[in-house]
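Subject: Structure for you to look at

Hello,

Here is the structure I said I would pass on. My notes on it follow below.

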Amino acid sequence: MRIQVRRTGGFGGIERFAELDTADRADADELQELARQVLAKGHRTPPVGVPDGFSYQITVEGETVYATDPRLSEKESRLVSVVLKEGAKQT
Amino acid sequence: MTEIQPTQFCTIVPPHVLDRLARSQDPALSAPARRTLEADAVQRTRRQLTAVAAPVPAPEATADVDAGADAEGAPECPQRTVHDCRNGTDLPGVVVRAEGDEPVGDATVNRVYSGLGATFELLLKEYGRSSLDGTGLPLNASVHFGDRYGNAFWDGEQMVFGDGDGEIFLDFSIPVDVIAHELAHGLTQHTANLSYYGQPGALNESVSDVMGSLVKQYTLGQSADEADWLIGAGLLAPRVTGVALRSMKAPGTAYDDDVLGRDPQPATMQDYVRTGRDNGGVHINSGIPNHAFYLFATRLGGKAWERAGQVWFDVLTGGELAVDADFARFARLTVSAAAARYGEGAEHEAVVKAWAQVGVETA
Ligand SMILES: [Zn+2]
């Protein structure tokens, strides 16, 4: 399963993009389940953000949900964090 | 000279802030802070006298909608509360320092407490405004938000600061201009309420950078030509190639780094960036009004918060700035605000030239 996260905005306005494929990972099952739950409950359009807050675009197998600071669910927060930290980075 | 009676005077920026700055490894911060400490008694006396003797009334043409509340009975002391999220994301977290409390063991908490005080003091003493809403709104902040969260934001009610990842960003409470920037989002929300997209969004961002830089200059007692005009100096980790996140003096030059990329800010309309990302480039195109303010303030010389800052403040709080104002609309209002407050003299000429230099029409 391919999971992509694009983070935009923030105080610095610096964009981050990262992608990971769960196939390469030992925690594949857990991550896929987390991604499915995020997809099921996520916003289909970008929610209104706050000044300098990050906006997130989470894409799982081509399907996208949106989130903004500071109102990420605990699951969204966990998924975003794993992908941005451990996924392959691009700009 | 007669001695001032210290009645009703609250010490907002405690000397330990300046102590800290004076010990800073950044000579741009430490040298002026040392000078400020040396001149501290004189400065404080002058500010007290200014505040007591001459709260400048706003001229009718640009009367602050909240000016009445400011003048009569609005609180003249801040009401600060700093909370600790303890690296979670539940806001606001637990109270760790309330107004009047002694400094605590956590430097982040103390920096934010002092930064709130410095911003409150500038608004009150220089612009006659009691807090963000003009009626003494309590100032709330949360620190240690999230796990190595590399950001700070205004959530509509309070400021939130992350610790930074340590790799690219350090603690977001380090630069006083970042603290004041977030508070200024609250000021904008309570006044012009500029929308957060495209040009009005970039103006919203720029007003926060202007206030951020002014609070830093005010704290350090710097004149426009002594100031560094950087936003976020001291925030980048040592391995990052850059001096800050933005430069009002030279937009586009703050950093150029393998990981962070290159500072994308334009200085003039010729390089205006059209993008849907970052709410239509609010942190990118803010470089243009930022640079206009820098040009205005340095052309005038002296303390930037006095005349240049006053003109910007008049526009923000004057009631004529529309939520969807573009750069040209904002620029024209600064020209009329300069004329209303100072006549058709140096201030008017300087602001017209500043906007012309960044390619924004005011005629
Ligand atoms: Zn901002």
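In helix H6 of chain B, 13 of the 15 residues are buried, so this helix is largely enclosed by the rest of the structure. Buried means under 20% relative accessible area, exposed over 50% and partly exposed in between, with a 1.4 Å probe and protein chains only. This is a predicted model, where local features need pLDDT of at least 70, side-chain atom pairs count only at pLDDT 80 or more, and totals for chains, interfaces and linings use all residues. Residues are numbered from 1 along each chain as its sequence is written, chains are lettered from A and ligands numbered from 1 in the order in which they are written, and side-chain values use heavy atoms, with hydrogens and water left out.

H6(B) covers residues 176-190 and reaches 21 Å from its first C-alpha to its last, close to the 21 Å expected at 1.5 Å a residue (the expected span is 1.5 Å times one less than the number of residues). Helices (H or I, at least four residues) and strands (E, at least two) are DSSP runs, numbered from the N terminus.

A:Asp52 is buried at 0% relative accessible area, and B:His185 is buried at 2%.

Chain A also has an open sheet of 5 strands, in the order E4-E3-E1-E2-E5, with antiparallel pairing (two strands pair if DSSP finds at least two bridges between them).

Regards
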